[in-house]
Amino acid sequence: MPSKQILEIKKQEVKEIKKSIEGASSFIIIDYKGLTVEQDTQLRNEFRKAGVKYQVLKNRLVKIALNEMGKTEFDEYLNGTSSVAFGSQDISAPARIALQKATEFKKMKLKCGFADGTFLNEAGCKELATLPSKEILIAKLLYVLQAPISKLAMALKAVSEK
């Protein structure tokens, strides 16, 4: 294949990576070295169930896409084996699933990530992973909002029974 065609293909790949980054509420860069095919399949299935897009991408192309978007803090992490998990619905899903599987498999590790406009190092990714899902947060909020009303109703009932 002529080098001009290869260059166009790579430019298109960079565009696709940028589109994935822009469409994601968060993403995590993972070192997947040492995973077996079975473990990788489990990882992909968990991501898929959570609506997370998971891809193995070339470090150089990811670096170019991020640099074009003004994000240079990822440069030092884009080496070795890297895959990217893009989350668009639940901001903590990519980190939560990746940390869970990293703990289970003991071979992969979280390199860095991005959530809500902020770069996250490994510790930040682990912190993001501990956040409850959106559904759990909504349920907790509803409980907190409902609790005073429930207590008032119980107090009024107790007064009326006396």
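This report describes a helix pair and a group of aromatic rings in a predicted model.

## Packing of helices H2 and H4

Helix H2 (residues 37-49) packs against helix H4 (residues 93-105) at an angle of about 155°, and their axes are 10 Å apart. Because angles over 145 degrees count as roughly antiparallel, H2 is roughly antiparallel to H4. The crossing of H2 past H4 is right-handed.

On the H2 side, the contact is made by Gln 39, Gln 42, Leu 43, Glu 46 and Phe 47. On the H4 side, Pro 94, Ile 97, Ala 98, Lys 101, Glu 104 and Phe 105 take part. Sorted by class, the contact comprises six nonpolar, two polar and three charged residues.

## Aromatic pairs

The structure holds seven aromatic pairs. One of them joins Phe 27 and Phe 114, whose ring centres are 5.6 Å apart and whose planes meet at 25°, so the pair is stacked. Phe 27 belongs to strand E1 (residues 26-31) and Phe 114 to strand E4 (residues 109-115), 87 residues apart. Phe 27 is buried, with a relative accessible area of 2%, and Phe 114 is also buried, at 12%.

Phe 74 and Phe 119 have ring centres 5.0 Å apart and planes at 80°, so this pair is edge-to-face. Phe 74 lies in the loop between helix H3 (59-68) and strand E3 (83-87), whereas Phe 119 lies in strand E5 (residues 118-120); the pair therefore ties together parts that are 45 residues apart in sequence. Phe 74 is buried, at 0% relative accessibility, while Phe 119 is partly exposed, at 24%.

## The aromatic cluster

Phe 27, Phe 74, Tyr 77, Phe 86, Phe 114 and Phe 119 form one aromatic cluster.

How values were computed: Residues numbered from 1 in each chain as written. Predicted model: local features only at pLDDT ≥ 70, side-chain atom pairs only at ≥ 80, totals over all residues. Heavy atoms only, no water. Axes fitted to C-alpha atoms, helices over the stretch in contact; angles between N-to-C directions. Helix = DSSP H or I, 4+ residues; strand = E, 2+ residues; numbered from the N terminus. Parallel < 35°, antiparallel > 145°, perpendicular 65-115°, else oblique. Left-handed = near helix turned anticlockwise from the far one by under 90°. Contact = heavy atoms within 4.5 Å. Nonpolar A, V, L, I, M, F, W, Y, C, P; charged D, E, K, R; others polar. Phe/Tyr/Trp six-rings, centres within 6.5 Å; stacked < 30°, edge-to-face > 60°. Buried < 20%, exposed > 50% of the residue type's maximum accessible area, 1.4 Å probe, protein only.
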